[in-house]
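Trainee: I would like to learn how to read contacts between parts of a protein model, beginning with a single pair of residues and ending with whole chains.

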Amino acid sequence: MTAVITVPASLDEPQFEQVIDQLAAVPADAKLLVDARHCRFATPYGLTGLLCLAQSRLERPDFAPPEDDDVRSYWARSQFFSHAEGLYTIRGSVPRRQGGNSDVLLEVTPVRDSGDVQTVVARIQEQAAHILTRTLDLEPRATMLFSMTLSEAASNVIEHAGGGGWVMVQRYDWSKRRVGREVVQITVADAGMGFRRSLEGSRARAVADRWDDAVALETGVVQGVSRFGDPGRGQGFKGIRGYASKVDGKLTVRSGTARIAPIIPPWDDDRALRSGLAPFPGAQMNLVIPRRLATP
Amino acid sequence: MTTVDLASALAASAGAPQAHLVTRPVGAAIRLLVERQLDALAAGTVAVLDFSGIGVLDRSCADEFVAKLMLPREGPMPTRDGYVVLRGLHDGHLDAIEAVLETHGLALVVQLPDGSTRLVGAVTVTERRLWEQVMVGAAAIEELAAAVGLAVEEVHTQLEALVRRRLLRRAGSGVVPLGAHAA
């Protein structure tokens, strides 16, 4: 019997929890159909999350793509289908990749090794730097810090996930949302071992009174503890948190059954830590950077 | 003084032109390559690492490359020889390099585009003032002591530490700067 996971009409970070909740009720080896027919909007978090979902399954799941032509076209431009074809059995045909959407600053891009991180950084620096400068009102040289942050996040996948992951960067006009301005969303997601398993052998784990996904996230993201013992590790998240804070951004990381928001800007009222969520493998980092406010 | 063009070194280590120093594996590869070049230099030579052709440098790579390059040279029992000065840095590079140097308690001399030099990383106010006095030409211990308001013995101790950390060079009974004014 095939279990059906219904993808919500809008698929960003909060709505992806609905997907995970549905998944939690399905045995790991069960046949799965991910039904995205009625999905009308998906962010980098949603698209990379769907790829991670497929990677987490023992049996290749089926995928019903969105019915709406514009949505299918966007997912194709985002390179979602080209990667999904390797992980899902897609029911029906999907459009081939089309170019011409400058809101996609970086399509869904696999990250498996240092060369892939080089590719991600090069694409942002060479193709999207001017858009970032315009969208976020960044100083041209500040795009370097953006790329550094992206690089650190992608490097974490290589160093800690135990397998590959996905990166995507997208621009949005959120002038009608609470933040009230344009934003850029970066998602780096993987279906690997997650923070708790990654830090299992760390000294922090050895001295911890309790050990679960929430503690592991605080240990890794906030305290900057790495599974590698050599001094100087943990620089990545320190830099990412510093950048998010500096640019009034919002940073969240989900892993296993917990989610941490170490940087919550004034334009958002998320909870700093959530535990007891439905389990999902790996780690999913989401960073939203709003346009710089003009100084009065 | 000898200059190491990091863009060329990066291309050599990667086997293809690359513009960015990102990820730990890339940092480790470039460090090994640079270490081989430094090991081949005559004792006391100042090596200038030129970042001019490098685009993005992330902290993980900076830690693996710059910090681990200097750790065996700046410690109390150095296991490697050689002096290092950085050049061609932009603000993004400096952000990453200062962060990793401070994490390890290290410091380095950076040469600015106008040829002047400054210290980056973990240095005390006194160390920085002393170092700056040496950079503007003060050489005699008494002269330095008067400039920074310390006892001669304390100045001597501080200078020893700066030499041990390879931020100054010993010359006879005194000290001289690295970088622009190094011989």
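Trainee: Which residue forms a salt bridge with Arg80(B), and how far apart are the closest N and O atoms?

Mentor: A salt bridge here is a side-chain nitrogen of Lys or Arg within 4 Å of a carboxyl oxygen of Asp or Glu. By that rule Arg80(B) pairs with Glu35(B), and the closest N and O atoms are 3.7 Å apart. Arg80(B) lies in the loop between helix 3 and strand 3 of chain B, whereas Glu35(B) lies in helix 2 (residues 24-39) of chain B, so the pair ties together parts that are 45 residues apart in sequence. Helices (H or I, at least four residues) and strands (E, at least two) are DSSP runs, numbered from the N terminus. Over all chains, a search of the whole structure finds 34 salt bridges.

Trainee: What should I keep in mind about the numbering and the origin of the coordinates?

Mentor: This is a predicted model, in which local features need pLDDT of at least 70 and side-chain atom pairs count only at pLDDT 80 or more, while totals for chains, interfaces and linings use all residues. Residues are numbered from 1 along each chain as its sequence is written, chains are lettered from A and ligands numbered from 1 in the order in which they are written, and side-chain values use heavy atoms, with hydrogens and water left out.

Trainee: What is the mean pLDDT of chain B, and where in chain B is confidence lowest?

Mentor: pLDDT is the predictor's confidence in each residue, from 0 to 100. Where it is low, the predicted coordinates should not be read in detail. Chain B has a mean pLDDT of 88, with 97% of its residues reaching 70 or more. Confidence is lowest in strand 7 (residues 174-177) of chain B, at a mean of 82, and highest in strand 4 of chain B, at 95.

Trainee: How is chain B divided into domains, and how many residues of each are in contact?

Mentor: Domain bounds come from an automatic or database domain assignment, and for chain B that assignment gives domain 1 (1-122) and domain 2 (124-183). Taken over C-alpha atoms, the centres of domain 1 and domain 2 of chain B are separated by 23 Å. With contact meaning heavy atoms within 4.5 Å, 26 residues of domain 1 of chain B touch 15 residues of domain 2 of chain B.

Trainee: How much area do domain 1 and domain 2 of chain B bury between them?

Mentor: The size of an interface is often given as the accessible area lost when the parts come together. Here buried area is the accessible area (1.4 Å probe) that two parts lose on being put together, summed over both. Domain 1 and domain 2 of chain B bury about 1700 Å² between them, 56% of it on carbon and sulfur atoms. On the side of domain 1 of chain B, Glu74(B), Tyr83(B) and Leu119(B) lose the most area to domain 2 of chain B, together 35% of what that side buries. Glu74(B) also forms a salt bridge with Arg165(B), the closest N and O atoms being 3.6 Å apart.

Trainee: What does the boundary between the domains of chain A look like in these terms?

Mentor: Chain A is divided into domain 1 (1-92) and domain 2 (103-296), with 22 Å between their centres, taken over C-alpha atoms. The area buried between these two domains of chain A is about 2200 Å², of which carbon and sulfur atoms give 67%. Glu13(A), Pro44(A) and Tyr45(A) supply 25% of the area that domain 1 of chain A buries against domain 2 of chain A, more than any other three residues. The rule finds 2 salt bridges across this interface, and Arg259(A) forms a salt bridge with Glu13(A), the closest N and O atoms being 2.9 Å apart.

Trainee: How many salt bridges does the rule find across the interface of chain A and chain B?

Mentor: The rule finds 0 salt bridges between chain A and chain B, although the contact takes 23 residues from chain A and 27 residues from chain B. The two chains bury about 1900 Å² between them, 55% of it on carbon and sulfur atoms. Gln118(A), Met148(A) and Gln235(A) supply 32% of the area that chain A buries against chain B, more than any other three residues.
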